[in-house]
Structure formats: C-alpha cells, structure tokens
Amino acid sequence: KGQFSWVGKNYRITDKDRYNKAVKIATQKLNNRHIDTTNGATFFSTGYHFKGTRKVDECANHKFFKV
C-alpha cells in the first residue's frame, strides 16, 4: 500500500508517449516478455534504503534493492 503515491493525488497524464511506453513495458513484463533491467530488484525507492537489502541498480533518482 502506498508504493505509488502519485496515484492517489489524481495527477493528469501530460506526456502520452511516455505513458504509452510505460504501459507497453508493464504489459510485456506481465506476459514474461520483458528483460529485467533492475538486476533482480524487488524494491525501489527515491531515497529510503530498505533494511536487510542491498542496492543493485540506480536510474535517475530511483534506487533498486534486493534481499
């Protein structure tokens, strides 16, 4: 719960190209046709480091972790 805080804030999608790309990647992932670019991460954060995990990747201000 609360993983995607922007969802509850009723933001409008202004960049349709990026939105459509995100939908395509999510659909591919759900259909097991997407390459994992996060090195097996199971958590992500924009600042918090999860206890008992190690950082495995970083993209812009998003940090990816796994146990």
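Which side chain makes a polar contact with the side chain of His62? It is the side chain of Asn61, at 3.2 Å. Welcome to this structure, which is a predicted model.

**Around His62**
- You can find His62 in strand 3.
- His62 has 30% relative accessibility, so it counts as partly exposed.
- Leaving aside residues up to four places away in sequence, His62 touches Phe44, Ser45, Thr46 and Asp57.

**The aromatic pair**
- Searching the whole structure turns up one aromatic pair.
- Its members are Phe44 and Phe64, whose ring centres are 6.2 Å apart and whose planes are at 35 degrees, so the pair is tilted.
- The pair links distant parts of the chain, since Phe44 is in strand 1 (residues 43–45) and Phe64 is in strand 3 (residues 62–66), 20 residues apart.
- Phe64 counts as buried because its relative accessibility is 18%, under the 20% cut-off.
- Phe44 has 25% relative accessibility and therefore counts as partly exposed.

**The nonpolar patch**
- Ile13, Tyr19 and Val23 make a nonpolar surface patch of about 240 Å².
- One of these residues, Tyr19, has its place in helix 1 (residues 16–30).
- With 39% relative accessibility, Tyr19 counts as partly exposed.

Definitions and conventions
Residues numbered from 1 in each chain as written. Predicted model: local features only at pLDDT ≥ 70, side-chain atom pairs only at ≥ 80, totals over all residues. Heavy atoms only, no water. Patch = residues over 30% accessible without salt bridge, like charges linked within 9 Å, V, L, I, M, F, W, Y side chains within 5 Å. Areas by Shrake-Rupley, 256 points an atom, 1.4 Å probe, with all protein chains shown as cover. Salt bridge = Lys/Arg side-chain N within 4 Å of Asp/Glu carboxyl O. Helix = DSSP H or I, 4+ residues; strand = E, 2+ residues; numbered from the N terminus. Buried < 20%, exposed > 50% of the residue type's maximum accessible area, 1.4 Å probe, protein only. Phe/Tyr/Trp six-rings, centres within 6.5 Å; stacked < 30°, edge-to-face > 60°. Contact = heavy atoms within 4.5 Å. Polar contact = N/O pair within 3.5 Å; in protein donor to acceptor, adjacent residues only side chain to side chain.
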